[in-house]
Amino acid sequence: MIEATQTALTPSEVTKIMSTEALAEYRQKLQAQYDPNAPMIYVCCGTGCQAAGSVDVVEKFREILVGSAWDGKVVPMIKPTGCHGFCSRGPLVIIEPQDIFYQRVTVNDVQEIVEKTVLNNELIKRLQYKSAGAKESITKASEIPYYAKQTRLVLKNIGRVNPTEIGDSIIRNGYAALAKALTQMTPQQVIDEVSSSKLRGRGGAGFPTGLKWESCAKQEGLRYVICNADEGDPGAFMDRSLLEGDPHSVLEGMAICAYAVGSHRGYMYVRAEYPLAVKTLTTAIRQAEALGLLGKNIMGTGFDFEVTISTGAGAFICGESSALMASLEGKVGRPRPKYIRSVEKGFRDSPSNLNNVETYANIPSIIANGGNWYKSYGTERSSGTKVFALTGNVFNIGLVEVPMGISLMEIVFGIGGGVPNKRALKGVQTGGPSGGCIPIPHKIPDINVGYGKLAEVGSIMGSGGMIVMDEDTCMVEVARYFVNFLVEESCGQCTPCREGLTRMKEILDRITQGDGREGDIELLEEIGKFTNNFSLCGLGTSAANPVLSTIRYFREEYEAHIRDKKCPAGVCKKLFHYEIDPDICTGCGLCKSKCPVKAISGEKKKVHVIDQSLCMKCMECYKNCKFRSVKIM
Amino acid sequence: MRVLNIILNGKAVTAREGQTILELAQENGVFIPTLCHSPALEPAAMCRLCTVQVIEGGRAKFVTACNFPLRRDAEIRTDSPEVRHGRKLIIELLMARCPSSPELQRLAVEYEADLTRFSSLNDDCVVCGLCTRACEAVTGKTLSLAGRGTAIHVSTAFAKISDFCIGCGACVQICPVQKISMEDVDGERHILLHGKIVSQVKLPRCKSCGKYFGPVIDLEKVMDRMGEHLIPPPNADTCPECSRHNLAVKLGKRYFEQYGVFREEGQADAG
């Protein structure tokens, strides 16, 4: 992340905060320096936007702002922030106080933004957001449906604070909840507050967080607080954005947890593929320690809590709690075969409280506002909000935070903006490789997203991956993709997962290759149920879910592959071919011009024909035909 | 210690708290098949063959008998149709990997495994981890499981000839599919994994008879553990047979000194 230069809030200038009153004073001092009406330019510097060039945009802004003539006006501040969440539109720039939203900003746009928008309050149409099909563009970030329909509790600071500036977090009440817990609450009261919020683990299994803390606090001796930031589900990036955009909320949550369970030692297990998160976290921990908000004698209360970052080595299995702890101990990251909970005997055989990044990030606001406030969001059995990584065949790709119990259709259409390319929605995959496909809207009209409801339809909440699939998605191929992923990521210790999954992959491979046999579906179901019952760890006991749920809802697609040797969605290349419907074709010639192998022939305004011997099924004609005359046969 | 009331396959029995299901079953004459279990080693629960159904507090679940500690009253079904079906699949899957194992062949008959469903992989190792756990208990560093997923395999560090092996042969003895072997060639002990040499350990020559015997490092290790005073020094360079013989001679001499009857070594038996 880019270091801040303008907001003179670097902790090196202040001495350690030695009381909770001192923290409040420091906050007031910072707030006094901060003018809410002063112009402020927020540039998203999350991993996605950085890849799209946002670092250069920030540099350019700095360069221009220094060189511009301000004539006594307040010089705008530029703030590189964490992920704003609207990743498909990056790099994103938001200009306060007007809340002007610009998308896909490049270095070349910066001069114009400063001259027109910042200096003269003039809008630049081409950078503004327009909803799919809408004529009018939207000026304010808060009016864009993607943002307006979200409820941001966990993500509230992201996009508004510079994660490398602890002062930014403190202005927005960072560490106030820790101060409250340390001085006004007993550990038991903290646990009771968390229990009353009915917060459930956001890592996937949904175990009640308060209950976990309570059982950890009951143990004797040295205890550890561990944060699971080994986010590995394909397409999921909630934890990464939290760590990159608001690391102090997570650290504060961990510190509160440590106080509640009686621990003084914390570990953050981050996957090594998140270099920016590791860097941001390192800075955050250093700054918090310099201010006395972490480390020894926090805020003069006598409470110690140190956090160490440990990086993984690229194994998906290390997201499983016992494998994570083994890896943390320096051993091979394999789940341990013991029927003992890690709150009793975990890391180094000591009681260990392990929670997910998002779970910890929820804690400060629960302590600050109370469990009842948190419970007012969401449903009875699934309280609060959940961050989802919305991806796949949907207009708006990015992070969305919604209250539990929201309708899935509302997420896909209301927030996600629906399915692009005039395709129909076929289903939504939730929960990553351990989850399942939900066949909305055809077989299940809609469901309310919550732990129980998702389990009912054969999927899981998981860590929050949400992949939208359109009618061009082959469900057999989806199942094959996830099984293939798990075959590679299985630790290989136990027979059902190692051998069972390999055989499932073998069967799915042959089905998608057109060599499926009668009885293969039943065999898949048989092995799937077996691996779910007989495997050693959580990965194995949920590994068959993608296969079982696709068979449950899309059995006819499997049957078409096996019996008719057809892939109805037109994905498995050996099982379909394209034909141009002569009744629909207008002879516009678009397909002919797009075809990379010149397999399409036909004169202008006459029906075109595909030469099957040349066609390599690249989908170009199918995707581009405006009249949908290219058919999958 | 608390006594638990357990219903084991419909029969009421009592168990000690913390006892594993496998121990309880063995005490009560109920056979549960295992592949990766050895009473001498920490259970690894890798083969999953000993999976049984446990109903605790109204909740039924599948657990492995070798390492599930009983903590409360429960009902256990070691041979229900679901359990048998799962075991059958494990055997079918492992037989595809290692068709030559007599133990698996026996189980395949018992569980009526259909051996035609999965194509043969002929990998010859069932990845039970017994050798690696036995090795860990003795040397701690020679054999371990490397790789992951289907690529998981028993290996020395970086698949090189190990410097840590003491040639004890524990891995050879414990392997249920006989894929680790040991041979003494020209004063060296070789451990072979799938026929490939993974360790070469020098053997000492016996001072008395001149034959090669048990590996040097092995003795050092033993000396190390026992403390030198516990082992008579000559034994370190004498083979077990000669040691026994020498000791007998020594004892015989002492007997002669006391009672006056002793025949020197090599003398023909007159009686």
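Predicted model: local features only at pLDDT ≥ 70, side-chain atom pairs only at ≥ 80, totals over all residues.
Two strands pair if DSSP finds at least two bridges between them. Helices (H or I, at least four residues) and strands (E, at least two) are DSSP runs, numbered from the N terminus.

Residues are numbered from 1 along each chain as its sequence is written, while chains are lettered from A and ligands numbered from 1 in the order in which they are written.

## Two open sheets

Start with chain B. Strand S9 (residues 188-193) of chain B runs antiparallel to S10(B), and six bridges join them. Angles here run from 0 to 180 degrees between N-to-C directions, and axes are lines fitted to C-alpha atoms, for helices over the stretch in contact.

Now chain A. Five strands form an open sheet in the order S10-S9-S13-S11-S12 (chain A), and the pairing is mixed. At the edges are S10 (398-403) and S12 (436-438) of chain A, each pairing on one side only. Neighbouring strands of this sheet are turned by 30° against each other on average, direction ignored. Inside it, strand S11 (residues 425-430) of chain A and strand S13 (residues 465-470) of chain A run antiparallel, joined by five bridges. A:Gly427 has A:Met469 in S13(A) as its bridge partner.

## Two helix pairs

In chain A, the axes of helix H18 (residues 475-489) and helix H22 (residues 545-564) come within 8 Å and cross at roughly 135°. That angle makes H18(A) oblique to H22(A). The naming rule is simple: angles under 35 degrees count as roughly parallel, over 145 as roughly antiparallel, 65 to 115 as roughly perpendicular and the rest as oblique.

H18(A) passes H22(A) in a left-handed crossing. A crossing is left-handed if the near helix is turned anticlockwise from the far one by less than a right angle, and right-handed if clockwise. Which residues in H18(A) meet H22(A)? They are A:Met475, A:Val476, A:Val478, A:Ala479, A:Phe482 and A:Val483. Their partners in H22(A) include A:Pro546, A:Phe554 and A:His561. By class, this contact of H18(A) with H22(A) has 10 nonpolar, two polar and one charged residues. Ala, Val, Leu, Ile, Met, Phe, Trp, Tyr, Cys and Pro count as nonpolar, Asp, Glu, Lys and Arg as charged, and the others, Gly among them, as polar.

H22(A) also bends. A kink of about 95° is centred on A:Phe554. The bend at a residue is the angle between axes fitted to the seven residues ending there and the seven starting there.

In chain B, H2(B) and helix H3 (residues 102-110) of chain B pack at an angle of about 140°, with their axes 10 Å apart. H2(B) and H3(B) are therefore oblique to each other. Their crossing is left-handed. B:Ile91, B:Leu94 and B:Met95 in H2(B) meet B:Leu104, B:Leu107 and B:Ala108 in H3(B). This contact of H2(B) with H3(B) has six nonpolar, no polar and no charged residues.

## Where the chains touch

How many residues of chain B are in contact with chain A? There are 25, and they touch 22 residues of chain A. Two residues are in contact if their C-beta atoms, placed from the backbone, lie within 7 Å. On the chain B side, strand S4 (59-64) and helix H2 (81-97) are the elements that give two or more residues. H2(B) gives the most, with six residues. The chain B side divides into 16 nonpolar, six polar and three charged residues.

Most residues other than glycine have a negative phi, and most peptide bonds are trans.

| Site | Feature | Value |
|---|---|---|
| A:Gly90 to A:Pro91 | cis peptide bond | omega near -10° |
| A:Glu96 to A:Pro97 | cis peptide bond | omega near 5° |
| A:Lys422 | positive phi | about 55° |
| A:Lys565 | positive phi | near 55° |

A:Pro91 is in the loop between strand S2 (77-81) and strand S3 (93-96) of chain A. A:Pro97 lies in the loop between S3 and strand S4 (100-102) of chain A. A:Lys422 sits in the loop between helix H16 (408-415) and S11 of chain A. A:Lys565 follows H22(A).
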